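Here is a short briefing on the protein shown below.

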Amino acid sequence: LTVLRVDQRSLSRHYTLLQTSEAGLRKEVSSLKQSLNDIQISVTQQLTYLQRYKDAASYKISSLQNQLSESVPIKELEEARRQFVEVSSRHHALITQQTTAQCEVDTRVEELSLALAESRAGEDELRMKLANSIDSQVQSQLETHINNLEKS
């Protein structure tokens, strides 16, 4: 009988211990179920967000593809760029030629202006000499005539 009582107490302690352990495990299971539920909700929200993002991205991509198909083909764009570069280089060459020609004209005008000024100065000098020369020749001829008249 004592052995049975000792066994009963031992079993009773063991039972209490198992009940406590079971309560802790139940609490842990409940906590894990709640965590699992929270994770499922979070994953569902993320999947919903990602699905909306995927739909929006798909719409944007199709819109961009439509715009691309309606835009200028790359070959035409390349050809237009090439023509633009060609026209630009021709324009640049013409401007350079015009600038060079204008510089040459300006230089030539300046040279001719200096030559004209020198010629005018020389002409004035020659006129003065000629006037002086004519005066002396006229005077000498007059003197010659006077001398001739006096002799005659």
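A salt bridge is a side-chain nitrogen of Lys or Arg within 4 Å of a carboxyl oxygen of Asp or Glu. E86 and R90 form one, with their closest N and O atoms 2.2 Å apart. This is a predicted model, in which local features need pLDDT of at least 70, side-chain atom pairs count only at pLDDT 80 or more, and totals for chains, interfaces and linings use all residues. Residues are numbered from 1 along each chain as its sequence is written, and side-chain values use heavy atoms, leaving out hydrogens and water.

**Overall form**
- The protein has two helices and zero strands, where helices (H or I, at least four residues) and strands (E, at least two) are DSSP runs numbered from the N terminus.
- Along the principal axes, the C-alpha atoms fill a box of roughly 205 × 45 × 15 Å.
- Of the 152 residues, 0% count as buried; buried means under 20% relative accessible area, exposed over 50% and partly exposed in between (1.4 Å probe, protein chains only).

**Salt bridges**
- The structure holds seven salt bridges.
- E86 and R90 are four residues apart in helix α2, so about one helical turn separates them.
- E86 is partly exposed at 31% relative accessible area, and R90 is partly exposed at 48%.
- E79 and R82 also meet in a salt bridge (2.4 Å, N to O); they lie three residues apart in helix α2 (residues 74-151).
- R108 pairs with E111 in a salt bridge, the closest N and O atoms being 3.5 Å apart.
- These two residues are three apart in helix α2, which means about one helical turn between them.
- Salt bridges that share partners join E79, R82, E86 and R90 into one network.
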